[in-house]
Amino acid sequence: MTLTESPSLLVAGIGEMVLSSSSDAHLVAYGLGSCIALAAWDPRTRVGGLAHFMLPNGPANNASPVKFIDTGLDTFLKAMEAQGATLNRSVFKAAGAAAMLTVGGGLAIGKRNAEMMQAALAERGVSLAATALGGNAGRTVQLEVADGRFLIKSLSSVSEL
Amino acid sequence: MALTLSEAGQNVVAGTFGRAMKRAGEALGSMSGQVIEVQTPMLRRCTAADVLTMAGGPESVVLAVYVGIFGSLQGHALLLFSPTDAHRLAQILLAGLLGPGELPMEATSDVLAYDELELSALQEAGNVTISAFLNELGTHLNEPVMPTPPQVVIEMAGAVLDAVLLDLVSDADQVLAAKTTFSEGGRAIDGTLFVLPRADSLRVLLDALGAIGI
């Protein structure tokens, strides 16, 4: 986890999360395939967070705090609160969970990630304001902490979610 | 359950994978009619993030040929090219197949656009290369190693690799990654072969090599 007040690009690597309340901060997760990124932004305190989850479930992991959705989601939500966000007015968006490789049939992790994310958020009373989940294209995502814009870039397009 | 390899065991795997990667380079050279230099293969125990770095970073765009590995040894293999190098290799492969002056495609300004013949040639190049790797490995094993059909993907490296990595790190924090680079000097084509075995399936290879327990 990285907390910073300085203007910067903060990268959530695979299994990592980044948070900031700096209006200059851009939170980025590069090259999502089956992984799933969860963005959270509190419009009042202007605190933003981006978590790059890898898998639906597994034990808590210190090296990669958001490796697993079931054990890492609360870690992310608590970090948002600690940074000054109030969860019930925060805006949550999710992207990723694509199916890149179709041969072999054993790599349908994206679909399971999307299902687990929606179920785990619902359990905590959190709903997703927008999603870009599934499909077979990779995505790079960026949360603008200044205004909460959530941008999605694929090889063929850039859009705002 | 991940197998904990001793340093000696890892050296045995590295030697065997290294020989198999050299065979893979020879197969690519034979198919393309070019002299392919094979960089000394390396085997690393590393994190998922490290593998993405080894592939040029998660956002670097690649043409990847993916082959899943099943049977007595399991895992994943990928042959990666930059989009430009993939076009160059496709030109060489198709020139060999069709003869000079018969190239069907015209140069395009979009480096990510490939026609069906190019994709088919590159897919076959990946298949031949990875199959040569598996055949060499298979000479050490009593039971067959089977490849899935190849799949070509043009994408950000992170997006191609993450499903493979997720399959390997669900019960471990690190993966074993074998990597080499193939270079064709004359036209400056570089390709990177990654082989990511399931660590628990390496037991069968160590056993067959008489190296279990070292």
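Chain B has six helices and eight strands, where helices (H or I, at least four residues) and strands (E, at least two) are DSSP runs numbered from the N terminus. This is a predicted model, in which local features need pLDDT of at least 70, side-chain atom pairs count only at pLDDT 80 or more, and totals for chains, interfaces and linings use all residues. Residues are numbered from 1 along each chain as its sequence is written, while chains are lettered from A and ligands numbered from 1 in the order in which they are written.

From the N terminus, the order in chain B is α-β-β-α-β-β-α-α-β-β-α-β-β-α. Of the 214 residues in chain B, 47% are buried, that is, with 20 or more other C-beta atoms within 10 Å of their own, C-beta atoms being placed from the backbone.

Now chain A. Helix α1(A), residues 69-82, and helix α2(A), residues 109-123, have axes that come within 10 Å and cross at roughly 45°; axes are lines fitted to C-alpha atoms, for helices over the stretch in contact, with angles from 0 to 180 degrees between N-to-C directions.

Last, the two chains. In chain A, 24 residues are in contact with 25 residues of chain B, contact being C-beta atoms, placed from the backbone, within 7 Å. Strand β4 of chain A, residues 26-32, gives the most to chain A's side, with three residues.

Notes. Contact = placed C-beta atoms within 7 Å. Buried ≥ 20, exposed ≤ 12 C-beta atoms within 10 Å, placed from the backbone.
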